[in-house]
Amino acid sequence: MHIIVLVKQVPEIEKVRFDYKKGRLDRSSAGAVTNPFDLNALEAAVQIKEAFGGSVTAISMGPMQAEKTLRDALARGADKAILLSDEKFAGADTLATAYTLAAAIRKIGTFDLIICGEKTVDGDTAQVGPEVAEFLGIPHAAYVEEIQQISSDSIVVKAKMERHYYIIKLNLPALITVTKDINNPRLPTLRNKLKAMRAPITVWKHNDLAEISDPKYFGFSGSPTRVIKVYTPTTGKRKGQVITGTPEEIAQKIVQILRENKILG
Amino acid sequence: MPEKCGVLVFAEQEDGKIHNVTYELLGKGRELADRLRNNLCAVLLGYNLENEAKELIYYGADKVYLFDHPSLKEFDVIRYKYNIVNLVKEIQPRIFLIGATRIGRSLAPRIAAALKTGLTADCVDLDLDEEGNLVQIRPAFSGNIMAQIKTRTKPQMATVRYKIMKPVNRDPKRKGEIIRKEVGKLGETGIKVLDKLGAGEVNISEAEVIVSAGRGLRNPEDFKLIKEVADLLGGVVGSSRPLVDAGWIGKEHQVGFSGNIVKPKVYIALGISGSPQHLFGMRDSDIIIAVNKDPSAPIINVSDYYVIGDLYEILPQLICELKKIKKSEGA
């Protein structure tokens, strides 16, 4: 079984600071890490490999520094890593990103399953996975919380949709996006980390994808959406009225507020 | 000449019931269509949905394109995409809105990729520029920044967050047209829904009262106190992320960017400091009441009413007062 995992390098969201004057993030304030949801995708892929045999290929698109994220993927059990890095790929929105990733997957040729994290913590769109599936013409299931069965030609997953869990059978090849609830990613061992440091990483430029894609759909010029303005959100003004007194008085005042707002009769 | 369709709304249904986000999208879509002097259309897919199609008209749609077929009863992302893409090619809407529910966020990207058009995720506001182009406003970086986005291709597609837009009032006298569409012939899609299971009874995003606890809670058993208050108010228990991560309470109770976005009439935050990711999930509540020991906690700044104090002193009194009311009502 050949499993492809799509990974992205993102700023460390818990540490990143924002330049509130310029309304953008200060990239120097935090390191770059593997998108946390992608760790769950990698873990899911490695678990399938451990159970059924096969191999895992990690693909990322980004600047050359994203190599670090692919080495992280190798340390966590991926067998092969491919980095799509080219100025022509830069500034891509989700459509152009998905188009480029799909072209790379077509170049790889045979695969059984593609696993993505539910979303990235920087873009928060959750769009790239389903868009890749559409470009490749394969079925997908999003928000997968459990892989229940897998065989050489199908996979059964449990996905959380609106009011229900859906038990969905997908014919392979297929794509799934997984939530944080699917597993607890293991930490890479020191040995694997060292091995990953020396492992080769394949880099593909736009020329490498020329025969299977149209460069007009790459990068910024191939992106139909444009960010025209970025700013920090302002929270609406609230009354900010303090309630004081003994605990009993405070409780009575809260009841009064609930009455005024017709929560209590 | 007006286009065949100004604004198209995807009418989401599950088990034959229209998801409320649809009515919100029709409300916003009505406003946008009127400003564009164009019409508002909806597309509804499923089985036996004639009455639901009428509802969409009562809530503002001028035309409803109805794909009514047993094969569309359950959500099959490829079948839905296939029929919607055909419709979009035919009626060429300027703007196409889809609810940012999990179904919507799984479906919309496939449609956008098939049409090679831009898609903006999870919008919290929509506007038009001078040329009538859609301005899409959405949070990024886990809610830390907001971005305005425009789309160069048509349709301009966006998924829109639930509980942000306002529906128009239902008017059963409103007239509109229901257009039944031929369901496209499509073989196996490679997707089969084998089963559907209930996803727990707590539906916090629909709750009118939420009593929520954060790190001020000392141990997991004390959620009993929170639950007691919530029950007395006919509300639901909420939680900040750390307590969910610690396994004190299920994720279905989590309020915040990575949990549930809520918009109750009253949100009571007990011992919650108010991280950006938590505030993002509850800041649109009608009334926010906070109890916190720390006067510098960020939650205080977004509250309508706040108490600087220990939740363990206030809660027993509050439970006592609420029980008194219950008793007098019962008498």
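Colleague: In what order do the four strands of the open antiparallel sheet run?

Modeller: This is a predicted model, where local features need pLDDT of at least 70, side-chain atom pairs count only at pLDDT 80 or more, and totals for chains, interfaces and linings use all residues. Residues are numbered from 1 along each chain as its sequence is written, while chains are lettered from A and ligands numbered from 1 in the order in which they are written. Strands here are DSSP runs of E with at least two residues, and helices are runs of H or I with at least four, numbered from the N terminus; two strands pair if DSSP finds at least two bridges between them. The pairing is antiparallel, and the order is 14(A)-10(B)-9(B)-8(B).

Colleague: Which strands are the edge strands of that sheet?

Modeller: An edge strand pairs on one side only. Here the two are strand 14 of chain A and strand 8 (125-128) of chain B.

Colleague: How many bridges join strand 14 of chain A to strand 10 of chain B?

Modeller: Strands of a sheet pair through backbone hydrogen bonds, either parallel or antiparallel. In this pair, A:Thr225 stands opposite B:Thr151. Strand 14 (residues 225-231) of chain A and strand 10 (residues 145-151) of chain B run antiparallel, and the number of bridges is six.

Colleague: Which residue is the bridge partner of B:Ile137 in strand 10 of chain B?

Modeller: Strand 9 (residues 134-140) of chain B is joined to strand 10 of chain B by five bridges, antiparallel again. The partner of B:Ile137 there is B:Gln148.

Colleague: How many residues does the contact take from chain B?

Modeller: Two residues are in contact if their C-beta atoms, placed from the backbone, lie within 7 Å. Chain A gives 69 residues, and chain B gives 71.

Colleague: Which helix of chain A brings the largest share of the side that touches chain B?

Modeller: That side of chain A divides into 38 nonpolar, 16 polar and 15 charged residues (Ala, Val, Leu, Ile, Met, Phe, Trp, Tyr, Cys and Pro count as nonpolar, Asp, Glu, Lys and Arg as charged, and the others, Gly among them, as polar). The largest share, nine residues, comes from helix 6 (residues 247-260) of chain A.

Colleague: Why is helix 4 of chain A called oblique to helix 4 of chain B?

Modeller: Axes are lines fitted to C-alpha atoms, for helices over the stretch in contact, with angles from 0 to 180 degrees between N-to-C directions. Angles under 35 degrees count as roughly parallel, over 145 as roughly antiparallel, 65 to 115 as roughly perpendicular and the rest as oblique. Helix 4 (residues 128-136) of chain A and helix 4 (residues 102-115) of chain B have axes 8 Å apart and pack at an angle of about 45 degrees. That angle makes the pair oblique.

Colleague: Which residues of helix 4 of chain B meet helix 4 of chain A?

Modeller: From chain A come A:Pro130, A:Glu131, A:Ala133, A:Glu134 and A:Phe135.

Colleague: Where is A:Pro173 found, the residue with the cis peptide bond from A:Leu172?

Modeller: Most residues other than glycine have a negative phi, and most peptide bonds are trans. The bond from A:Leu172 to A:Pro173 is cis, with omega near 0 degrees. A:Pro173 lies in the loop between strand 11 (164-171) and strand 12 (174-178) of chain A.
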